[in-house]
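Subject: Structure for you to look at

Hello,

Here is the structure I said I would pass on. Please open it first, then read the notes below.

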Amino acid sequence: MKLAVIGTGYVGLVSGVCFSDLGNDVTCVDKVNEKITMLRQGEVPIYEPGLKELIKKNTDAGRLQFTTDLSSAVKEAEIIILAVGTPSLPNGEANLTYIMEAAKEIALAVDGKKIIMTKSTVPVGTNEKIENLVRKHTAHPVAIASVPEFLREGSAIRDTLGPDRIVIGTENEAAQKKLIELHQPLTENILLTDVRSAEMIKYASNAFLATKISFINEIANICEKVGADVTRVAEGMGYDKRIGSSFLRAGIGYGGSCFPKDTQALIQIAGHVDYDFKLLKSVVEVNHDQRFNVIRKLETILGDLSGKTIAIWGLAFKPETDDVRDAPAFEIISSLLQRGALVKAYDPIATENFKKNLLHLDVTYCQTAEEAALHADALCVLTEWKEFQETSLTDIQSWLKTPNLIDGRNIYSEEQLAKTEFVYYSVGRPNMN
Ligand code: UGA
(Lines give C-alpha, C1' and ligand atoms only; values in the text may rest on other atoms or scores of the structure.)
Protein backbone atom coordinates (compact mmCIF):
# COMPACT_ATOMS: atom_id res chain seq x y z
CA MET A 1 0.00 0.00 0.00
CA LYS A 2 1.06 3.59 -0.48
CA LEU A 3 1.31 5.53 2.76
CA ALA A 4 2.15 9.10 3.74
CA VAL A 5 3.16 9.70 7.35
CA ILE A 6 2.82 13.28 8.56
CA GLY A 7 5.27 14.05 11.38
CA THR A 8 8.62 12.34 11.94
CA GLY A 9 8.64 12.35 15.76
CA TYR A 10 8.88 9.07 17.66
CA VAL A 11 5.49 7.75 16.61
CA GLY A 12 5.55 8.93 13.00
CA LEU A 13 9.09 7.90 12.20
CA VAL A 14 8.94 4.49 13.85
CA SER A 15 5.52 3.67 12.35
CA GLY A 16 6.59 4.82 8.89
CA VAL A 17 9.78 2.80 8.99
CA CYS A 18 8.02 -0.32 10.29
CA PHE A 19 5.22 -0.09 7.70
CA SER A 20 7.87 0.17 4.97
CA ASP A 21 9.59 -2.86 6.44
CA LEU A 22 6.33 -4.77 5.94
CA GLY A 23 6.59 -4.01 2.22
CA ASN A 24 4.50 -0.85 1.96
CA ASP A 25 5.66 2.20 0.02
CA VAL A 26 6.03 4.92 2.66
CA THR A 27 6.78 8.64 2.43
CA CYS A 28 7.54 10.37 5.73
CA VAL A 29 6.79 14.10 5.76
CA ASP A 30 8.03 16.79 8.12
CA LYS A 31 8.01 20.58 8.05
CA VAL A 32 11.47 20.79 9.57
CA ASN A 33 13.93 20.85 6.70
CA GLU A 34 16.95 19.83 8.81
CA LYS A 35 15.18 16.67 10.00
CA ILE A 36 14.38 15.59 6.45
CA THR A 37 17.91 16.36 5.27
CA MET A 38 19.31 14.29 8.15
CA LEU A 39 16.99 11.37 7.44
CA ARG A 40 17.82 11.42 3.76
CA GLN A 41 21.48 11.11 4.71
CA GLY A 42 20.69 8.10 6.89
CA GLU A 43 21.02 10.04 10.16
CA VAL A 44 18.29 9.69 12.80
CA PRO A 45 17.16 12.72 14.85
CA ILE A 46 16.18 10.51 17.83
CA TYR A 47 17.99 7.69 19.62
CA GLU A 48 16.10 4.43 19.23
CA PRO A 49 17.86 1.06 19.13
CA GLY A 50 17.75 -0.53 15.66
CA LEU A 51 16.02 2.39 13.95
CA LYS A 52 19.00 3.61 11.95
CA GLU A 53 19.63 0.15 10.49
CA LEU A 54 15.95 -0.33 9.61
CA ILE A 55 15.83 3.07 7.88
CA LYS A 56 18.87 2.14 5.78
CA LYS A 57 17.43 -1.25 4.88
CA ASN A 58 14.16 0.21 3.64
CA THR A 59 15.52 3.33 1.91
CA ASP A 60 18.00 1.07 0.08
CA ALA A 61 15.09 -1.14 -0.96
CA GLY A 62 13.31 1.96 -2.35
CA ARG A 63 10.30 1.59 -0.05
CA LEU A 64 10.98 4.54 2.25
CA GLN A 65 11.26 8.21 1.31
CA PHE A 66 11.52 11.48 3.24
CA THR A 67 10.18 14.83 2.11
CA THR A 68 8.98 18.26 3.21
CA ASP A 69 6.44 18.25 0.36
CA LEU A 70 3.21 17.25 2.12
CA SER A 71 1.00 17.91 -0.86
CA SER A 72 2.77 15.49 -3.24
CA ALA A 73 3.05 12.80 -0.55
CA VAL A 74 -0.70 13.06 0.16
CA LYS A 75 -1.61 12.88 -3.52
CA GLU A 76 0.47 9.71 -3.95
CA ALA A 77 -0.90 7.94 -0.87
CA GLU A 78 -3.99 5.82 -0.20
CA ILE A 79 -3.62 6.14 3.56
CA ILE A 80 -2.34 9.25 5.34
CA ILE A 81 -1.06 8.69 8.86
CA LEU A 82 -1.33 11.72 11.12
CA ALA A 83 1.44 11.55 13.70
CA VAL A 84 2.20 15.13 14.67
CA GLY A 85 2.78 16.14 18.29
CA THR A 86 0.05 17.08 20.76
CA PRO A 87 2.09 18.70 23.54
CA SER A 88 0.54 19.96 26.78
CA LEU A 89 -0.82 23.48 27.08
CA PRO A 90 -0.05 25.22 30.41
CA ASN A 91 -3.44 24.04 31.78
CA GLY A 92 -2.68 20.39 30.94
CA GLU A 93 -4.94 20.20 27.89
CA ALA A 94 -3.54 18.77 24.66
CA ASN A 95 -2.47 21.43 22.17
CA LEU A 96 -4.24 20.57 18.92
CA THR A 97 -2.82 23.42 16.83
CA TYR A 98 -0.32 21.27 14.93
CA ILE A 99 -2.70 18.43 14.23
CA MET A 100 -5.42 20.78 12.97
CA GLU A 101 -2.94 22.62 10.76
CA ALA A 102 -1.75 19.33 9.30
CA ALA A 103 -5.34 18.15 8.74
CA LYS A 104 -6.13 21.34 6.83
CA GLU A 105 -3.01 20.98 4.67
CA ILE A 106 -3.93 17.37 3.93
CA ALA A 107 -7.48 18.36 2.97
CA LEU A 108 -6.18 21.03 0.61
CA ALA A 109 -3.90 18.50 -1.08
CA VAL A 110 -6.38 15.62 -1.38
CA ASP A 111 -7.24 14.75 -5.00
CA GLY A 112 -9.30 11.57 -4.62
CA LYS A 113 -10.44 8.86 -2.21
CA LYS A 114 -8.23 8.76 0.93
CA ILE A 115 -8.11 7.49 4.50
CA ILE A 116 -6.72 9.68 7.26
CA MET A 117 -5.60 7.51 10.15
CA THR A 118 -4.77 9.45 13.32
CA LYS A 119 -1.98 8.04 15.46
CA SER A 120 -1.36 11.17 17.53
CA THR A 121 -2.85 10.98 21.02
CA VAL A 122 -5.88 13.27 20.90
CA PRO A 123 -8.77 14.04 23.25
CA VAL A 124 -12.07 12.30 22.64
CA GLY A 125 -13.93 14.09 19.87
CA THR A 126 -10.84 15.39 18.07
CA ASN A 127 -11.16 13.05 15.09
CA GLU A 128 -14.67 14.39 14.57
CA LYS A 129 -13.23 17.90 14.54
CA ILE A 130 -10.61 16.73 12.04
CA GLU A 131 -13.36 15.26 9.89
CA ASN A 132 -15.39 18.50 9.94
CA LEU A 133 -12.32 20.54 9.05
CA VAL A 134 -11.40 18.22 6.19
CA ARG A 135 -14.98 18.31 4.83
CA LYS A 136 -14.83 22.11 4.83
CA HIS A 137 -11.80 22.08 2.56
CA THR A 138 -12.45 19.20 0.17
CA ALA A 139 -15.34 17.45 -1.49
CA HIS A 140 -13.30 14.30 -2.13
CA PRO A 141 -14.28 11.21 -0.10
CA VAL A 142 -11.98 11.16 2.93
CA ALA A 143 -12.55 8.61 5.71
CA ILE A 144 -11.25 9.28 9.20
CA ALA A 145 -9.98 6.62 11.61
CA SER A 146 -8.39 6.67 15.05
CA VAL A 147 -5.65 4.06 15.35
CA PRO A 148 -3.82 4.88 18.60
CA GLU A 149 -0.18 4.01 19.08
CA PHE A 150 1.08 2.00 22.05
CA LEU A 151 4.84 1.83 21.35
CA ARG A 152 7.38 2.54 24.09
CA GLU A 153 10.55 4.51 23.56
CA GLY A 154 13.57 2.25 23.72
CA SER A 155 11.64 -0.75 22.40
CA ALA A 156 9.66 1.11 19.75
CA ILE A 157 10.45 -1.19 16.82
CA ARG A 158 9.71 -4.37 18.75
CA ASP A 159 6.45 -2.87 20.05
CA THR A 160 5.38 -1.70 16.58
CA LEU A 161 6.17 -4.93 14.77
CA GLY A 162 4.77 -7.13 17.54
CA PRO A 163 1.98 -5.18 19.26
CA ASP A 164 -0.29 -6.66 21.97
CA ARG A 165 -3.24 -5.30 20.01
CA ILE A 166 -4.22 -2.90 17.28
CA VAL A 167 -7.23 -0.68 17.83
CA ILE A 168 -9.04 0.56 14.74
CA GLY A 169 -11.72 3.14 15.43
CA THR A 170 -13.78 4.21 12.45
CA GLU A 171 -17.38 4.41 11.36
CA ASN A 172 -16.41 3.92 7.70
CA GLU A 173 -16.64 0.28 6.61
CA ALA A 174 -14.36 0.52 3.56
CA ALA A 175 -11.68 2.28 5.61
CA GLN A 176 -12.02 -0.34 8.33
CA LYS A 177 -11.42 -3.11 5.78
CA LYS A 178 -8.38 -1.38 4.34
CA LEU A 179 -6.89 -0.71 7.77
CA ILE A 180 -7.40 -4.32 8.84
CA GLU A 181 -5.48 -5.32 5.72
CA LEU A 182 -2.66 -2.89 6.58
CA HIS A 183 -2.32 -4.13 10.16
CA GLN A 184 -3.01 -7.83 9.71
CA PRO A 185 0.68 -8.75 9.23
CA LEU A 186 1.38 -7.31 12.71
CA THR A 187 -1.16 -9.18 14.83
CA GLU A 188 -4.40 -11.08 14.75
CA ASN A 189 -5.52 -9.17 17.77
CA ILE A 190 -7.35 -6.32 16.10
CA LEU A 191 -10.09 -4.54 18.00
CA LEU A 192 -12.66 -2.69 15.93
CA THR A 193 -14.40 0.21 17.63
CA ASP A 194 -16.03 3.55 17.02
CA VAL A 195 -13.76 6.59 16.81
CA ARG A 196 -14.46 7.97 20.30
CA SER A 197 -13.78 4.67 22.04
CA ALA A 198 -10.47 4.30 20.20
CA GLU A 199 -9.44 7.79 21.33
CA MET A 200 -10.41 6.90 24.90
CA ILE A 201 -8.58 3.54 24.86
CA LYS A 202 -5.27 5.34 24.40
CA TYR A 203 -5.77 7.70 27.36
CA ALA A 204 -7.28 5.01 29.57
CA SER A 205 -4.35 2.66 28.86
CA ASN A 206 -1.68 5.22 29.71
CA ALA A 207 -3.61 6.42 32.75
CA PHE A 208 -3.99 2.84 33.99
CA LEU A 209 -0.28 2.11 33.58
CA ALA A 210 0.56 5.35 35.41
CA THR A 211 -1.85 4.27 38.15
CA LYS A 212 -0.05 0.93 38.51
CA ILE A 213 3.25 2.77 38.94
CA SER A 214 1.94 5.22 41.54
CA PHE A 215 0.21 2.36 43.34
CA ILE A 216 3.37 0.27 43.63
CA ASN A 217 5.35 3.37 44.63
CA GLU A 218 2.97 3.97 47.52
CA ILE A 219 3.16 0.29 48.49
CA ALA A 220 6.97 0.69 48.40
CA ASN A 221 6.79 3.68 50.73
CA ILE A 222 4.74 1.62 53.18
CA CYS A 223 7.09 -1.38 52.76
CA GLU A 224 9.97 0.83 53.89
CA LYS A 225 8.11 1.56 57.11
CA VAL A 226 6.89 -1.96 57.87
CA GLY A 227 10.05 -3.80 56.80
CA ALA A 228 8.66 -5.60 53.72
CA ASP A 229 10.35 -5.86 50.31
CA VAL A 230 8.36 -4.28 47.47
CA THR A 231 10.12 -6.32 44.78
CA ARG A 232 8.83 -9.53 46.42
CA VAL A 233 5.43 -7.96 46.96
CA ALA A 234 5.21 -7.00 43.27
CA GLU A 235 6.34 -10.48 42.25
CA GLY A 236 3.69 -12.06 44.44
CA MET A 237 1.00 -9.75 43.08
CA GLY A 238 2.13 -10.21 39.48
CA TYR A 239 1.51 -13.96 39.40
CA ASP A 240 -2.18 -13.16 39.63
CA LYS A 241 -3.19 -12.92 35.98
CA ARG A 242 -5.85 -10.36 36.85
CA ILE A 243 -3.09 -8.04 38.10
CA GLY A 244 -0.16 -8.90 35.80
CA SER A 245 3.50 -8.43 36.63
CA SER A 246 4.41 -5.49 34.41
CA PHE A 247 4.56 -1.85 35.46
CA LEU A 248 4.98 -2.79 39.09
CA ARG A 249 8.59 -1.65 39.38
CA ALA A 250 8.84 0.83 42.23
CA GLY A 251 11.18 3.76 41.70
CA ILE A 252 11.29 7.54 41.56
CA GLY A 253 8.09 7.89 39.54
CA TYR A 254 7.24 7.93 35.87
CA GLY A 255 8.44 10.57 33.42
CA GLY A 256 8.66 10.87 29.65
CA SER A 257 6.63 12.50 26.96
CA CYS A 258 3.49 10.42 27.45
CA PHE A 259 2.34 9.53 30.97
CA PRO A 260 2.73 13.02 32.49
CA LYS A 261 1.05 14.66 29.46
CA ASP A 262 -1.70 12.10 28.97
CA THR A 263 -2.71 11.83 32.64
CA GLN A 264 -3.07 15.63 32.81
CA ALA A 265 -5.00 15.64 29.53
CA LEU A 266 -7.41 12.96 30.75
CA ILE A 267 -8.04 14.92 33.95
CA GLN A 268 -8.90 17.90 31.71
CA ILE A 269 -11.10 15.79 29.40
CA ALA A 270 -13.04 14.57 32.44
CA GLY A 271 -13.22 18.12 33.82
CA HIS A 272 -14.83 19.35 30.61
CA VAL A 273 -17.74 16.99 31.17
CA ASP A 274 -17.93 17.95 34.87
CA TYR A 275 -16.31 14.78 36.09
CA ASP A 276 -13.75 15.03 38.86
CA PHE A 277 -11.24 12.24 38.14
CA LYS A 278 -10.07 12.01 41.77
CA LEU A 279 -8.13 8.76 41.39
CA LEU A 280 -6.03 10.06 38.49
CA LYS A 281 -5.36 13.35 40.28
CA SER A 282 -3.91 11.35 43.17
CA VAL A 283 -1.81 9.27 40.77
CA VAL A 284 -0.24 12.47 39.46
CA GLU A 285 0.32 13.86 42.95
CA VAL A 286 1.89 10.62 44.23
CA ASN A 287 4.16 10.54 41.18
CA HIS A 288 5.36 14.07 41.80
CA ASP A 289 6.07 13.47 45.46
CA GLN A 290 7.90 10.19 44.82
CA ARG A 291 10.81 12.06 43.21
CA PHE A 292 11.56 13.89 46.44
CA ASN A 293 12.14 10.66 48.36
CA VAL A 294 15.63 10.81 46.89
CA ILE A 295 16.21 14.16 48.59
CA ARG A 296 14.63 13.00 51.86
CA LYS A 297 16.90 9.94 51.92
CA LEU A 298 19.99 12.03 51.17
CA GLU A 299 19.10 14.34 54.05
CA THR A 300 18.65 11.37 56.37
CA ILE A 301 22.22 10.32 55.62
CA LEU A 302 23.99 13.64 55.15
CA GLY A 303 21.84 16.15 57.07
CA ASP A 304 22.16 19.61 55.53
CA LEU A 305 23.03 19.17 51.86
CA SER A 306 24.59 22.60 51.47
CA GLY A 307 28.19 22.31 50.22
CA LYS A 308 27.86 18.51 49.76
CA THR A 309 28.84 16.97 46.42
CA ILE A 310 26.14 14.72 44.99
CA ALA A 311 26.78 12.46 42.00
CA ILE A 312 23.82 11.77 39.72
CA TRP A 313 23.84 8.74 37.45
CA GLY A 314 21.09 8.88 34.83
CA LEU A 315 19.31 11.88 33.32
CA ALA A 316 17.05 10.18 30.75
CA PHE A 317 13.50 9.37 31.94
CA LYS A 318 14.29 5.70 31.34
CA PRO A 319 17.13 3.65 29.80
CA GLU A 320 17.73 3.12 26.07
CA THR A 321 16.61 6.62 25.18
CA ASP A 322 18.15 10.10 25.08
CA ASP A 323 14.71 11.58 25.83
CA VAL A 324 14.67 13.74 28.96
CA ARG A 325 11.13 15.08 28.69
CA ASP A 326 9.64 15.25 32.19
CA ALA A 327 12.54 13.19 33.51
CA PRO A 328 12.53 13.01 37.34
CA ALA A 329 16.19 14.15 37.20
CA PHE A 330 15.11 17.76 36.53
CA GLU A 331 13.26 18.23 39.78
CA ILE A 332 15.72 16.20 41.80
CA ILE A 333 18.73 18.15 40.54
CA SER A 334 16.94 21.50 40.86
CA SER A 335 16.03 20.75 44.42
CA LEU A 336 19.61 19.67 45.25
CA LEU A 337 20.90 22.95 43.81
CA GLN A 338 18.31 24.92 45.79
CA ARG A 339 19.67 23.26 48.92
CA GLY A 340 23.19 24.42 48.05
CA ALA A 341 24.53 21.01 46.98
CA LEU A 342 27.13 20.65 44.23
CA VAL A 343 25.89 18.33 41.49
CA LYS A 344 28.01 16.18 39.18
CA ALA A 345 25.91 14.37 36.58
CA TYR A 346 26.47 11.61 34.06
CA ASP A 347 24.25 9.85 31.51
CA PRO A 348 25.47 7.56 28.73
CA ILE A 349 23.56 9.46 26.01
CA ALA A 350 21.08 12.00 27.35
CA THR A 351 23.44 14.66 28.71
CA GLU A 352 23.23 17.02 25.71
CA ASN A 353 19.42 16.98 25.71
CA PHE A 354 19.38 17.51 29.46
CA LYS A 355 21.76 20.48 29.30
CA LYS A 356 19.53 22.20 26.75
CA ASN A 357 16.54 21.90 29.03
CA LEU A 358 17.94 22.55 32.51
CA LEU A 359 18.52 26.24 32.90
CA HIS A 360 20.82 25.94 35.94
CA LEU A 361 24.35 26.45 34.74
CA ASP A 362 25.99 25.14 37.88
CA VAL A 363 25.74 21.41 37.21
CA THR A 364 29.02 19.70 36.33
CA TYR A 365 28.37 17.29 33.46
CA CYS A 366 30.83 14.39 33.37
CA GLN A 367 32.11 12.21 30.54
CA THR A 368 32.12 9.00 32.56
CA ALA A 369 30.24 7.47 35.47
CA GLU A 370 33.51 7.31 37.43
CA GLU A 371 34.22 11.01 36.93
CA ALA A 372 30.78 11.89 38.34
CA ALA A 373 31.19 9.64 41.37
CA LEU A 374 34.76 10.67 42.15
CA HIS A 375 35.05 12.24 45.65
CA ALA A 376 31.29 12.74 45.93
CA ASP A 377 29.54 12.58 49.31
CA ALA A 378 26.79 10.41 47.85
CA LEU A 379 25.70 8.82 44.59
CA CYS A 380 22.09 8.77 43.36
CA VAL A 381 21.04 6.39 40.59
CA LEU A 382 18.08 7.91 38.73
CA THR A 383 17.97 5.78 35.54
CA GLU A 384 18.50 2.01 35.39
CA TRP A 385 21.09 2.00 32.59
CA LYS A 386 22.75 -1.40 32.16
CA GLU A 387 26.13 0.29 32.47
CA PHE A 388 25.30 1.25 36.06
CA GLN A 389 24.01 -2.22 36.93
CA GLU A 390 27.24 -3.70 35.64
CA THR A 391 29.58 -1.37 37.52
CA SER A 392 31.16 -3.08 40.49
CA LEU A 393 30.07 -1.67 43.82
CA THR A 394 33.63 -2.06 45.11
CA ASP A 395 34.76 0.33 42.37
CA ILE A 396 31.97 2.76 43.15
CA GLN A 397 32.92 2.68 46.81
CA SER A 398 36.54 3.45 45.99
CA TRP A 399 35.53 6.46 43.86
CA LEU A 400 33.20 8.09 46.37
CA LYS A 401 34.44 10.19 49.28
CA THR A 402 31.90 8.46 51.54
CA PRO A 403 30.06 5.28 50.50
CA ASN A 404 26.51 6.62 50.40
CA LEU A 405 24.24 5.27 47.71
CA ILE A 406 20.64 6.17 46.90
CA ASP A 407 19.40 3.63 44.38
CA GLY A 408 16.25 5.17 42.90
CA ARG A 409 15.63 2.19 40.62
CA ASN A 410 16.45 -0.83 42.80
CA ILE A 411 19.25 -1.95 40.48
CA TYR A 412 21.65 -3.40 43.05
CA SER A 413 21.14 -6.68 44.87
CA GLU A 414 21.99 -7.84 48.36
CA GLU A 415 24.77 -10.05 46.94
CA GLN A 416 26.36 -7.08 45.17
CA LEU A 417 26.22 -5.08 48.37
CA ALA A 418 27.80 -7.81 50.50
CA LYS A 419 31.42 -7.04 51.36
CA THR A 420 30.88 -3.29 50.80
CA GLU A 421 30.40 -0.60 53.39
CA PHE A 422 27.64 1.31 51.68
CA VAL A 423 24.96 3.22 53.47
CA TYR A 424 22.40 2.11 50.93
CA TYR A 425 18.83 3.25 50.40
CA SER A 426 16.70 1.81 47.61
CA VAL A 427 12.94 2.03 47.06
CA GLY A 428 10.68 -0.08 49.23
CA ARG A 429 13.28 -2.67 50.16
CA PRO A 430 14.56 -3.33 53.67
CA ASN A 431 17.88 -1.85 54.65
CA MET A 432 20.51 -4.04 53.01
CA ASN A 433 23.67 -2.57 54.47
C1 UGA B 1 4.40 4.83 27.36
C2 UGA B 1 3.54 3.56 27.21
O3 UGA B 1 4.17 2.47 27.89
C4 UGA B 1 3.35 3.19 25.73
O5 UGA B 1 2.45 2.08 25.64
C6 UGA B 1 2.73 4.39 25.02
O7 UGA B 1 2.58 4.15 23.62
C8 UGA B 1 3.63 5.60 25.19
O9 UGA B 1 3.78 5.87 26.60
C10 UGA B 1 2.97 6.76 24.50
O11 UGA B 1 1.86 7.15 24.91
O12 UGA B 1 3.47 7.22 23.47
P13 UGA B 1 7.05 5.36 27.26
O14 UGA B 1 6.66 6.70 27.83
O15 UGA B 1 7.94 5.32 26.09
O16 UGA B 1 5.70 4.56 26.84
O17 UGA B 1 7.79 4.55 28.39
P18 UGA B 1 7.42 3.45 29.49
O19 UGA B 1 8.30 2.30 29.30
O20 UGA B 1 5.98 3.21 29.55
O21 UGA B 1 7.88 4.19 30.82
C22 UGA B 1 7.26 5.39 31.28
C23 UGA B 1 7.80 5.78 32.63
O24 UGA B 1 7.32 4.89 33.63
C25 UGA B 1 9.33 5.76 32.75
O26 UGA B 1 9.75 6.92 33.44
C27 UGA B 1 9.62 4.51 33.56
O28 UGA B 1 10.80 4.63 34.32
C29 UGA B 1 8.39 4.45 34.45
N30 UGA B 1 8.09 3.09 34.94
C31 UGA B 1 7.68 2.12 34.07
C32 UGA B 1 8.20 2.82 36.30
O33 UGA B 1 8.58 3.69 37.11
N34 UGA B 1 7.90 1.56 36.73
C35 UGA B 1 7.48 0.57 35.89
O36 UGA B 1 7.20 -0.54 36.37
C37 UGA B 1 7.38 0.87 34.53
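**Two helices in contact**

Tyr203, Asn206, Ala207 and Ala210 of helix α9 meet Phe259, Asp262, Thr263, Ala265, Leu266 and Ile269 of α11. Sorted by class, the residues in this contact of α9 with α11 are seven nonpolar, two polar and one charged. Please keep in mind that this is a predicted model.

Two packed helices are described by the angle between their axes and the distance between the axes. Here the axes of α9 and α11 (residues 259–272) come within 9 Å and cross at roughly 115 degrees. The crossing of α9 and α11 is left-handed.

**The ligand**

Helix α9, which covers residues 195–226, also gives the most to the shell around the ligand, with three residues. In total, 20 residues surround the ligand. The closest are Glu153, Arg249, Tyr254, Gly256 and Cys258. By class, this shell has 10 nonpolar, five polar and five charged residues.

**The domains**

The domain assignment gives domain 1 (2–193), domain 2 (202–288) and domain 3 (292–425). The C-alpha centres of domain 1 and domain 3 lie 38 Å apart. The contact of domain 1 with domain 3 takes four residues from domain 1 and seven residues from domain 3. On the side of domain 1 that touches domain 3, two residues are nonpolar, one is polar and one is charged.

**The database record**

UniProt, in an unreviewed entry, lists residues 311–414 as "domain: UDP-glucose/GDP-mannose dehydrogenase C-terminal". In the model, the span 311–414 is 34% helix and 18% strand. The end C-alpha atoms of residues 311–414 lie 22 Å apart.

Regards

Conventions: Residues are numbered from 1 along each chain as its sequence is written. This is a predicted model: local features need pLDDT of at least 70, side-chain atom pairs count only at pLDDT 80 or more; totals for chains, interfaces and linings use all residues. A residue is near a molecule or strand if its C-beta atom, placed from the backbone, lies within 6 Å of it. Helices (H or I, at least four residues) and strands (E, at least two) are DSSP runs, numbered from the N terminus. Ala, Val, Leu, Ile, Met, Phe, Trp, Tyr, Cys and Pro count as nonpolar, Asp, Glu, Lys and Arg as charged, and the others, Gly among them, as polar. UniProt positions are given in the numbering used here, feature names are shortened, and annotations may be inferred rather than shown by experiment. Domain bounds come from an automatic or database domain assignment. Axes are lines fitted to C-alpha atoms, for helices over the stretch in contact, and angles run from 0 to 180 degrees between N-to-C directions. A crossing is left-handed if the near helix is turned anticlockwise from the far one by less than a right angle, and right-handed if clockwise.
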